[in-house]
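Dear colleague,

Here is the structure I promised to pass on, with the sequence alongside. Please have a look at it first; my notes on what was found follow below.

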There are 4 protein chains.
Amino acid sequence: MFIDKSSKENKVVEADHTLTFQCYKLPLLLQENAPFIGELHLLDIGLHPAFLHNQSVDMALVDHSRVRQIFRRRNVFAHKGNFGHALLIAGSYGKIGAAVLAAKACIHSGAGLLTCHLPKCGYEIMQTALPEAMVMTDENETIVAQLPNEIEKYSVIGIGPGIGTANETQNLISFICRRFKKPLVVDADGLNCLSQQKDLLQRLPPLSILTPHPKEFDRLFGDQQNDFERLATAKQKSSVHNIIIVLKSHHTAIVTPSGDVFFNNTGNAGMAKGGSGDVLTGIITSLVAQNYSPEQAALLGVYLHGLAGDFAANALSEQVMTATDIIVFLSQAFLSLK
Amino acid sequence: MFIDKSSKENKVVEADHTLTFQCYKLPLLLQENAPFIGELHLLDIGLHPAFLHNQSVDMALVDHSRVRQIFRRRNVFAHKGNFGHALLIAGSYGKIGAAVLAAKACIHSGAGLLTCHLPKCGYEIMQTALPEAMVMTDENETIVAQLPNEIEKYSVIGIGPGIGTANETQNLISFICRRFKKPLVVDADGLNCLSQQKDLLQRLPPLSILTPHPKEFDRLFGDQQNDFERLATAKQKSSVHNIIIVLKSHHTAIVTPSGDVFFNNTGNAGMAKGGSGDVLTGIITSLVAQNYSPEQAALLGVYLHGLAGDFAANALSEQVMTATDIIVFLSQAFLSLK
Amino acid sequence: MFIDKSSKENKVVEADHTLTFQCYKLPLLLQENAPFIGELHLLDIGLHPAFLHNQSVDMALVDHSRVRQIFRRRNVFAHKGNFGHALLIAGSYGKIGAAVLAAKACIHSGAGLLTCHLPKCGYEIMQTALPEAMVMTDENETIVAQLPNEIEKYSVIGIGPGIGTANETQNLISFICRRFKKPLVVDADGLNCLSQQKDLLQRLPPLSILTPHPKEFDRLFGDQQNDFERLATAKQKSSVHNIIIVLKSHHTAIVTPSGDVFFNNTGNAGMAKGGSGDVLTGIITSLVAQNYSPEQAALLGVYLHGLAGDFAANALSEQVMTATDIIVFLSQAFLSLK
Amino acid sequence: MFIDKSSKENKVVEADHTLTFQCYKLPLLLQENAPFIGELHLLDIGLHPAFLHNQSVDMALVDHSRVRQIFRRRNVFAHKGNFGHALLIAGSYGKIGAAVLAAKACIHSGAGLLTCHLPKCGYEIMQTALPEAMVMTDENETIVAQLPNEIEKYSVIGIGPGIGTANETQNLISFICRRFKKPLVVDADGLNCLSQQKDLLQRLPPLSILTPHPKEFDRLFGDQQNDFERLATAKQKSSVHNIIIVLKSHHTAIVTPSGDVFFNNTGNAGMAKGGSGDVLTGIITSLVAQNYSPEQAALLGVYLHGLAGDFAANALSEQVMTATDIIVFLSQAFLSLK
């Protein structure tokens, strides 16, 4: 929870250290203010927790206690059918790795079953890398373009990692938006495909989750002056299209159709590398498959992704850790919620 | 060991906690009762062990002491020929992962040699994933349909993981049932193939092991009203066909031709994911190859599979653990029997 | 060191335990006596070490102190050219795993460079599994048959794992025996190829190393009545052909042209699995490349192979450990020699 | 820091131990003197640190304190665009492993994005081995020869590992030297290609980094009488061509255009194996991508490479450690700089 009292015009000093009282203020969470903040220190001034709790705000932090409330244990008698069947549509020639990362993250976040729809050139790569995933291949060698059979049987579709923006791939996304009634998780080139046919934003299944970084966001919703405006636009678009927007940044913001904004407080600069976003797509897709609500899945997924990244950075250094290592350290992140 | 005094008509309360005296009762082990049981507590009321031991029951728990009696150490002077040569028939296009999981589990459970018969599309995948396995490929690119050469030389055949139910594959199973005289281990689509030509149940080699989950069981033996009826049917069919039925569930039941039923007491909901069953097939096939009797192999295999899963869940969380991790933690499971 | 005073005619009792004074006797080391020995106990009767040391015997144990005398540290200023360039000729369709295991073992035992000559079907498998190895492919898709270019530039050739016994492959071995002047390490199907053209035994380069198990030995040198006769034959053939014979068994015997026999004292029944022999081939080939004499390489290689296996069994259990795990635990074996 | 007072004519004694006062002298760092030095001991004679610090020398040791001054933490608000996009041009038929090793090392050293340009035969291998890398393939099946699209968009190009010296590949390097304006990192066959068209040395982009071992150096710059002459030549060529020369040896020397020479003090003989150089190429390329100056990247890269190798040797032994293990232990090397 935090209170926004600052205004953008105050940007003057490039501080080495910034002290703030009790809780985060909005500008301290926005990427473009980074040069003016330096190292941030929260000073406890003894405000009563009940007072803070009673403040009515539409912004909040995603922290451990919030996430523990969302997290559910697996029922001991459950079988794989209880944890959903996710479909992942990903990859193109030279970018099958994005599909592998998203698929591994999905499998390692608890989904019951995962089927991957890939271009033919991804067949052996995925089957070698991840025996737990089933694979369907497109009729195309290098791109995905063909509507998979029986898409209605899947609990959720994750689409985007490494797919490129070929016309045929754009058409595929258009088909899916029209045929699939459960939430989509759209990332990366999936978002870029949407940017090229913006009318599809209206056709996204209710409570679909979009996970743009700032550039992808601006391609989708027009250029934004600054992070404040971008956040305002996200709130508006989230409400208009009834979607959840995960605006990726150092403090990733999850924006819901009801106008709530949640800032994530896990993660580190070691995740600023190719593949981290693919991993997030896989985690969120997996959580939706397990019947978390899309809002819960976005909050829990973003938090766990960052926390696993923090464990990885701690063990391996920010320089050395890779997107694969985020997946490896998901176990520590999940265990911390028990 | 347990005593069944409850009856199905008592299902009323959806308890958060259930207390029971001294030992499990049958209804407490059945999946469909899960909503009414909640968390189960066994209360020790001080019954004399000798009394319990002397009760004549046809049902028992698979627990550590029982499994230690079955488990055999490897003779120090033994060579690989002493531990059998398993044949695994598995995989189809997009489902080679199932073959890889079963093969890895087989190799990591002690078999002397393993040959995999795969569709051509699985060749590089298996050879890359598991150098310890030898590979034969079918004349078909995407399915298995061709009777492997010299099948009589193998100690056991495991068949089913990921094979699909193409007509040609069904024919292959029919050939094998007629030609192979040693036990088969049949799982997954292998069972579905049997469901489509039920006369083959009569032709299964003596003491073959079938490992259906409830839906596969019903496809094989007709719809069952409930878990009690399913168990009764399993006992009858096991006796009629002289086969061992491993009815997979939270407490997997191993049913033998002599009418004994053993309930397994290891495993967890983290195993409720695609691939777990393929791993079990590999373990049991491996144990039969090592000259455990099929009944012993089923008991020991089911127990070790669940125990490895428990070690995996403990180390990695139920959410994050995968079928591959069950294989990784087989070492801890086997070491616990030493 | 040990003294052979027992005779074969004494085999009567199938003992559970056998007590022997001070040191091993020959019959206690031979596989076929295993049923009569049970668990073996060496009783220290206080013989003076100098006395034992002064006994003139042509048999000895390969133990830690002997191996430490052979083992050399790497010179700090050395470069990769100082550690040789090994050539491995291995694999056929469905048995590329044998090539992978031998190659990994070679790389993980210290050779400077490794080139693998494989059938075309092994190309991607090896390059994916082991980036440290260079690969040449045969003109054949499924077998090796073509003499590699410039074979004289290699320090040693390891040949045999998984190559099959096709006529063309037999011819290749014949070519190599005639062209290559430095030692060969011949295993598995390489030995079976020799068995089919026994005149090649005369043409083996001096101090080549053959690593047969008893069946392969008998195919090469004729049926043997028992382990005593097999050992006598090995001594004779080793001398006649000026080769080193590694007769694999629980206590593997290394027989040298000068008539010495060394019995290995490491290893366990968890190594009685497909692939263990391929790993040994890789280790010995690597040691010869590093300029150990063939006799030293055989002693050191057999010892390290068994010791790594013992570490693997201890960590993973005899059932679960695989040939790959022997390679993984080579590090502990080498570290124990420091 | 060290002072060179010795002269080459003193080489007489092949010492087991050499004692020297306070700091290294040049001849003690040169490979060809190794037989005369034996084990080296630095004796502290109490020279005042300020005195040493004030000596004006053009040679220095790369040690922990120097490297910590170069090393930069990652800005917490950074995104992947801040860490550059490296292009790696590597591999040919049978030597795709060199590309995999360089690519893995690059990814594990902190670059934001990596694209690999490979011959077609490397496609599946790289995508299977390293999902974090994007892949472009050449129009050639077995070599790289085609200028990648949009090379100007990359922050740095690493070229050489495993590429061979085909004429077409030589032409590619020629094109790149003319078109690319930012630094190249050239290694292995990349250097051999330069040797065959020495006029390209003049066309290397400013501050390109060349990483020859002594033989590759001599092919580039003519035969050298000894290490002293080689070092003198390196200083001259570095200045003339405005490039950084990393002369690989036990104490690798980094020579800069301004005439400074830095001797590295990490590393061990376990790195004297195929693939170690490819790993170094990947690390340095990654550091340049992250906006370290080429001189800093060379110093930091050589130091971390050797330090990771030392951690690997300590954990696995010099014999068993591989080039891949250097990458695995990069995490410990980077963590030591925190």
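The pLDDT is the predictor's confidence in each residue, on a scale from 0 to 100. This is a predicted model, and in chain A the pLDDT averages 92, with 96% of the residues scoring at least 70. Residues 1-5 of chain A, however, have a pLDDT below 50, although this stretch makes 19 contacts in the model beyond near neighbours in sequence. Where pLDDT is low, the predicted coordinates should not be read in detail. For the complex, the predictor gives an ipTM of 0.92 and a pTM of 0.94.

Turning to the interface between chains A and D, 29 residues of chain A are in contact with 30 residues of chain D. On the side of chain A that touches chain D, the elements that contribute two or more residues are α4 (96-107), α5 (123-129) and α12 (323-328) of chain A. Sorted by class, that side of chain A has 11 nonpolar, 14 polar and 4 charged residues.

The copies use different surfaces, since 7% of the contact residues of chain A recur in chain D.

Methods:
Residues are numbered from 1 along each chain as its sequence is written. Chains are lettered from A and ligands numbered from 1 in the order in which they are written. This is a predicted model: local features need pLDDT of at least 70, side-chain atom pairs count only at pLDDT 80 or more; totals for chains, interfaces and linings use all residues. Two residues are in contact if their C-beta atoms, placed from the backbone, lie within 7 Å. Helices (H or I, at least four residues) and strands (E, at least two) are DSSP runs, numbered from the N terminus. Ala, Val, Leu, Ile, Met, Phe, Trp, Tyr, Cys and Pro count as nonpolar, Asp, Glu, Lys and Arg as charged, and the others, Gly among them, as polar.
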